[in-house]
Amino acid sequence: MKRVFAHIGFSFAITLIILNFLKIEAAFVILAIASVAFAISILLKITRQSVSVPLCMFSAVLACVIFISNYYFVFLPQKNLDAEKVNAEFYIVDLEENKNDSYYYTVKTSYINKNNSPQSIKLTLKSEDKINADYYQKISGNIKLRLIAENGFSSYGCFGNNEFLAGTLLDFKVQNEKVFNINTFILHQRESIKNFVKSNIKSPENSIIIALLIGDKSEIPSQINDDFKYSGMSHLMAVSGLHLAVFCGAVSLLLKNLRIPKIPQVCISLFSVLLYMGLAGFSKSVLRAGIMMIILLCGRLFNERSDALNALGIAVFLICLNPYAVTDAGALLTVTAVLGLIIINPILRKICNPKFFITDYVFKTICASVSVFITTLPVCCICFGYVSTFGILLNIIMIPIAQIALISSLLMIIFGWCNPFLFVFSRISRVLSSAMILIAEKTAGIPHAVADLSDNKYFLAIGAVFIILGVSFFFNSKKAVKRASVLAIVIFISVISVSDFLNQNNVYVREIHSYYSTSVVVYNKKNAVVIGVNDSSQYYAVSNMLRSKNLHISMIVDTNNSEYSKRLANKFGALNYVCKNENAKFIQNCDNFFCDDEFNIDLWKQLNVEYKSNTKNKYVTLTIFDTEFMCINKYETINADNHSIYLSNPSDYDIVYTVNENGYSERRLNEWQK
């Protein structure tokens, strides 16, 4: 059996994904079933000889044991601290983040003054005041704790980082005592790199360079971050195999030119990989890439060629020793992307073999992009509800630019002591990062830059396709794969067609969140109502939704005299526009204006819109079938039985409500994107 670790790693991860969707009681049931299946696979000769079946069953048993143990001995003790005010001693273990005029610190506690509570826990603290303390320097303070979520898939990736609680720091006092940890050195280096880049390259270009070098995206302005997201280029900002390959390639080239012997060369390379993983903050993507790179380097020591799928299996297993790691979208994306490169990319590459360098590069890039697109599509559908349509082609341009920018940035840091070199490499880095920002901005605004996959029909169709194709590979037959491919296409079309027919009367309410506010889009198969588009990210999201679904705007409610609401109206037109009197003259493509007047109107057969305005607030009440949604401009308590959406309240995820005569259901989107 050639790929033992691949079977172990992926069986382990798949079991954990299933367990994280279920309640803890179901984990015991799955443990019992997997244990019985493992025993049977050992007893039966045909399964015992195949090895893969017992191995997969044992991995499932191990995953259940680790998940249950972690739940009862790690999660539950911390859950008991929910809504508690505690006096604690802690120290900072990661870089500071500053957003919305507040400071956020990732800390680890050394002592909590509460009986029977866990003492060493990791959490993120929000503080109104800056903490002037070094990393791993002890701090005492009062903290109001809260549970982040009830399960991993609702934690926005926090459970995957071993964070189950968040807290608000009420008061604090910095102590003189420090905890020794080698990570202090790494954090100081990350901070030094960050400050060095900021001092030599102006904003916002420096934020791109910082993200490329150490994976810290906290400095990237929200508008630029959204541009990269909608253009499908956000993967360049997450340090992974691309960045590690460039870094290790540079180190390897240097060592070869210095004629360093093989064993010292490999040892130095191993140390460089570990150092870069630390500088990148040990994110899931760089952990996966780092583990695979370490296995590759160890293979060189023993003159053995490592198997990529086996190496990925080992990386997956080690990452999943934290049973909540599978709920982190970054981990899912990096693993599925590499799966595409290992399995699908070689098949696509056999289609043709271009002789010229440029055509060969373009063909290789397209094959790799298509491979990654196919395998990451389910994750994008489940986690984000959209997929970029231009990412495949944009990689041809953006990946070389990012690679050269990364190399020039590394050289800028290495030769920072020499002003001529510093000047040259900093200017190159600045120009390249500026080009990346410009390309992402222009691409994000192109029609259909994003395909909306928020409807459950896409989730069902994509899931059915992958199950059929996955089963077909067990038969190890080309005919089986071909037949399964045809069947998958038929099922994909059938699921979408049947879903469209059954849901043709549904009305959808979509909350689109940005860094500071929320907008709402109500739509059916033909028409849409747009409420509160206040920034570029919301404008792009709404524009792409209107284009991809071919919707006509029945009404725009401009809640904050927003230029983006006016831009949307002028671009797409609107049957009705709600605004202040002085804004009406700037709107050209609208039939009717409601200038802050109260009204009650039936827009569609299933939708009634009621608008009220006073000096303190604005209210838009949407009555869809018999379900009411109240959209409130300012955050305040409203005594109402209906569902309230606060337009001034940002969130880490979008919500889509499906409404019909039977009531409504809700689904969260992009809840891992912080």
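Let's start with a cluster of charges: K194, K198, D216 and E219 are linked in a network of salt bridges, each one a side-chain nitrogen of Lys or Arg within 4 Å of a carboxyl oxygen of Asp or Glu. You are looking at a predicted model, where local features need pLDDT of at least 70, side-chain atom pairs count only at pLDDT 80 or more, and totals for chains, interfaces and linings use all residues. Residues are numbered from 1 along each chain as its sequence is written, and side-chain values use heavy atoms, leaving out hydrogens and water.

In total, the structure holds 13 salt bridges. One of them joins the side chains of D94 and R190 at 3.2 Å, N to O. D94 sits in the loop between β1 (85-92) and β2 (97-99) and R190 in helix α5 (residues 183-200), so this pair ties together parts 96 residues apart in sequence. Helices (H or I, at least four residues) and strands (E, at least two) are DSSP runs, numbered from the N terminus. R190 is buried at 6% relative accessible area, while D94 is partly exposed at 26%; buried means under 20%, exposed over 50%, and partly exposed in between (1.4 Å probe, protein chains only).

Next, look at E150 and K79, whose side chains meet in a salt bridge of 3.0 Å, N to O. Here E150 belongs to the loop between β5 (137-147) and β6 (163-178) and K79 to helix α4 (residues 52-79), 71 residues apart. K79 is partly exposed, with a relative accessible area of 26%.
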